[in-house]
Amino acid sequence: MYHLIITLLAIIVVILGVSWFKWHAFISLTVATIFLALFSGLSMDKIVSGYETGVGGTLGHLVGILALGTILGKMMAESGAGIQIADFFIKKFGVKKLPWAMMLAGFIIGIPVFFEVGILIILPLVISIHKSSKQNILLIALPAIAGLSIVHGLVPPHPGAVAAISIYNANLGKVLLYSLIIAIPSVILGGPIFAKWVHKRVIPEGEPELIRIKVPKKLPGTGISFLIILLPVILIIFSSFAPYFGFSAGVTKFLSFIGSPLIALLLSCFAAFYFLGIRQGFNKNEIKKFTEECLLPVGSILAIIGAGGGFKQILIDSGVATTIADMSHHMNLSPLVLAFIIAGLIRIATGSATVALTTAAGIVAPIVKNMTGVNLELLVIVTGAGSLMFSHVNDAGFWMVKEYLGLSVKETFKTWTVLETILSFVAFGFALIVNMFV
């Protein structure tokens, strides 16, 4: 019981650090890790080495993935490829089916980019459609935001999902497959269906803030835009199924190599440099500038994810994880439920989906290490689902949606907060259903 109390207090340290003292999440997680280590009885000479081991183990393969994914997203934004994809769905579906078109656009655009970047890509189009169609902006915007959000929370190569895959030691290909299966019904319920219900009940009083983003005069082709954005996913899925196609050992190894997240994203970046850069009239210096601009914010996310890995390692080294595992076993609580609840509580408290996902994974991974019959891939997904719920005033996404759509705080709670919670619980429910059959 003592170890459980110390772990709960460590989580409270994270929460107070972020919300009360206004520390960066990296500082809060590091202080909480040292607190946990000291009060769980870990000798001082092992605290720093254990923390460094955890940080290094988590970030070892993640740095390249995160950097390359950010570069790919920047090229999508600067070239106008994201707008081209959204425009394609709108023309294909027509005005009457705009919610479905925007959901698909958000889902596809969200695959390689951060949620914040995706919003900046798609909301100018949302606002222009709103002004021309005179429809409630919620009917157009919410499905697009739902598409961006569900991919951000569940689907690799997003940093939170990739970090959780590393911490749980799950299979990336299976996580990608399961997450797409689970994300689709979740985003349908949380996107178009919820938007059609809520837009009749919430009429925004304000006008949306116009997002000023430079739209190139010459947009890339629709086909090449889709190819670039889906290329990493295609390579990852293909490499996962390569062993079942009867290829020779050499071919299988090659496909596995190019389908690893790092190489898949690297190849996609080079394809983007040429097709979305050089062929669109950007010179080498401009492409280099885009890369340098987009990599600056990556450091913050890497620091948070690394600190989550350090927290995990101290849980293991101090024996706290074993104690909590024994207690969970006696309580007969499913690891999937445990991960969802922990991620949800941390999300509500800190406001950060990334902090919630990585911290919860760090807590749960040592607990399930010696358990049998735990589906690690679904564990990644339910942790991601928990990290989405009940977004409120301590979440940057809450304020982005409020300001960009011209909503009041009350209207944002009724729309964005409810949308995030629907995505969270529906994804969790479908993960439990999938768990019954795999």
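Predicted model: local features only at pLDDT ≥ 70, side-chain atom pairs only at ≥ 80, totals over all residues.
Figure 1. On a 1 Å grid over the protein atoms alone, a cavity is a set of points where a 1.4 Å probe fits but cannot get out, and lining residues have an atom within 4 Å of a point. Grid points are joined across faces, edges and corners, and a volume is the space filled by probe spheres set on the points. By this rule there are three cavities of 30 Å³ or more. The view here is of the second largest cavity, which holds about 50 Å³ of space. Residues are numbered from 1 along each chain as its sequence is written, and side-chain values use heavy atoms, with hydrogens and water left out. Around the second largest cavity you will find His-152, Gly-153, Pro-159, Gly-160, Ala-353, Thr-354, Leu-357, Ser-387 and Leu-388. Helix 8 (137-154), helix 9 (159-168) and helix 18 (353-368) each give two or more residues to this lining; helices (H or I, at least four residues) are DSSP runs numbered from the N terminus. Helix 18 gives the most, with three residues. The lining has four nonpolar, five polar and no charged residues, where Ala, Val, Leu, Ile, Met, Phe, Trp, Tyr, Cys and Pro count as nonpolar, Asp, Glu, Lys and Arg as charged, and the others, Gly among them, as polar.

Figure 2. Let us follow one of the lining helices along its length. The end C-alpha atoms of helix 8 are 26 Å apart, which agrees with the 26 Å that its 18 residues should span at 1.5 Å a residue; the expected span is 1.5 Å times one less than the number of residues. At the N-terminal end, Asn-136 caps helix 8, with a side-chain oxygen 2.9 Å from the backbone nitrogen of Leu-138. A polar contact is a pair of N or O atoms within 3.5 Å; within protein, one must be able to donate a hydrogen and the other to accept it, and residues adjacent in sequence count only if both atoms are side-chain atoms.

**Figure 3. Loop residues.** Lys-22 sits in the loop between helix 1 (2-19) and helix 2 (25-39). Although Lys-22 is not a glycine, its phi is positive, at about 60 degrees, and with 65% relative accessibility it counts as exposed. Asn-169, in the loop between helix 9 and helix 10 (172-198), is not a glycine either and has a positive phi of about 60 degrees. Asn-169 is exposed, with a relative accessible area of 65%. Asn-375, in the loop between helix 18 and helix 19 (376-386), is buried at 13% relative accessible area. Its side chain reaches the backbone nitrogen of Glu-377 at 3.1 Å.

Figure 4. The 15 residues of helix 2 reach 21 Å from first C-alpha to last, close to the 21 Å expected at 1.5 Å a residue. Its buried residues are Ala-25, Ser-28, Leu-29, Thr-30, Ala-32, Thr-33, Leu-36 and Ala-37. Just after helix 2, Gly-41 takes a positive phi of about 95 degrees. The structure holds eleven aromatic pairs; rings of Phe, Tyr and Trp (its six-membered ring) pair if their centres lie within 6.5 Å, and planes under 30 degrees apart count as stacked, over 60 as edge-to-face and the rest as tilted. The rings of Phe-35 and Phe-39 have centres 4.7 Å apart and planes at 40 degrees, so this pair is tilted. Phe-35 and Phe-39 are four residues apart in helix 2, about one helical turn. Phe-39 counts as partly exposed, at 44% relative accessibility.

Figure 5. The ring centres of Phe-270 and Phe-273 are 5.9 Å apart and the planes stand at 90 degrees, so the pair is edge-to-face. Phe-270 and Phe-273 are three residues apart in helix 13 (residues 261-277), about one helical turn. Phe-270 counts as exposed, at 52% relative accessibility. Elsewhere, Phe-340, Phe-390, Phe-425 and Phe-428 form one aromatic cluster.

Conventions: 1 Å grid on protein atoms, 1.4 Å probe; cavity = no way out; pocket = protein on both sides within 12 Å on 5 of 7 lines; lining within 4 Å. Buried < 20%, exposed > 50% of the residue type's maximum accessible area, 1.4 Å probe, protein only.
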